[in-house]
Amino acid sequence: MTQTGPTTLSRRRLAAGLGGAVAGALAGCLGDEAPGSASIDTGNDEPADDEADGGDAIRNAADASATVGMIYALGGLDDRSFNDAANRGIQRARLDHDVAFANEEPTSIPEFETAQDALSSSTDPAYDLICCIGFLQADALSTVAGEHPDQRYAIVDSVVDRDNVASYVFREHEGSFQAGHLAGLVTDRDVSVGAGSTVPDERTVGYVGGVDSPLVRKFEAGYRAGVDHATADVSVLSTYLGAFDDPEGGYAAAAEMFEQGADVVYHAAGGSGLGVFQAAQEYGRYAIGVDSDQSRSNPRYADVILASMVKRAGTAVYDAVEETIDDDLATGSTTALGLAEDGVALIYGTTLGPVIPDDVRAAIVDSGERIVAGDLSVPTDPEAVN
């Protein structure tokens, strides 16, 4: 059984220090880059590298194998999620291939086109590749790429139909299926570890999305399908906040779900998800993070974060740079990264991961292998889930 509906709980009990923990993270275009297995990574990500060094890197452009312009999603660097993951990709390319790069951090949607055009028009340095991070850049890039046909671009988390743009997207629904599978297995048991516990008689889980868009709905679709795969007759509560930087809204949404009996809430809501973690701690329940290993990037909540569904934006950036150096960038086409390509994965939390039962781990590994083999089809529309 599934349920949807708006949340109405007042935004109470939100810790005063929560706002300081928000690093401007935005969802739907997030990711991580740590290595792992095709179906599930049972280890841990590397911690976020919060010291982006684009300014120093670009000074040596004349001696570099390639010069790259990085334009990040709203929220900028030090978001402990999507942007930092993309930055780790370019940092790794610098170390492996002596790449020079510059960082641009727009603060509004109109600034995307301004930044894209400025880098495209630059001759000192001239950029071999311009990487645009996040789906909100797609409209601007479609215009700018058409005006600069000789410039090569990559966009991460969206598709731009231009001959000079390489597009990288993720099969978020596949990783979200495994998040739902985990949630369904947990809500069906009497669990008490870390700072949380379940109420098995309720058999309820929740999903909190950021902006209601086709991309973010893919997370919900996979999650619902995974819950249904785990066990029957589980209620799935869901809501969308309309924003990726509203931790108070995330708190209110999750708190209402916990009051309705939810044992686990999965979020795809960027910085708003910090409120989900806060509510999980206060209600003594569990959460599943998104895009990076949030038990490491937000360790204060590690005692309630069962796992995180990561998207490896850094892998897409690194691959695009490496292909540019090799003069083999797949412009005019789209590369999809799912479980099989290690573009998404479920990573257990640092604190709670070690106490997740072996049979639960085995079941999730099995579902991942079946998805990769094509034996399990994962929907992209929540309405397609019974």
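Visitor: What makes L129, C131 and I133 a group apart from I130 and C132 in β4?
Guide: L129, C131 and I133 point one way from β4 and I130 and C132 the other way, yet all are buried. Buried means under 20% relative accessible area, with a 1.4 Å probe and protein chains only. The model is predicted: local features need pLDDT of at least 70, side-chain atom pairs count only at pLDDT 80 or more, and totals for chains, interfaces and linings use all residues. Residues are numbered from 1 along each chain as its sequence is written, and side-chain values use heavy atoms, leaving out hydrogens and water.

Visitor: Why is strand β4 called largely enclosed?
Guide: Five of the five residues of β4 (residues 129–133) are buried, so the rest of the structure largely encloses this strand. A strand is a DSSP run of E with at least two residues, and a helix is a run of H or I with at least four, both numbered from the N terminus.

Visitor: How do you know that β4 and strand β5 pair?
Guide: Pairing requires that DSSP finds at least two bridges between two strands. β4 and β5 (residues 153–156) have four, in the parallel sense, so by that definition they pair. I130 stands opposite Y153 in β5.

Terms used:
Buried means under 20% relative accessible area, exposed over 50%, partly exposed in between (1.4 Å probe, protein chains only).
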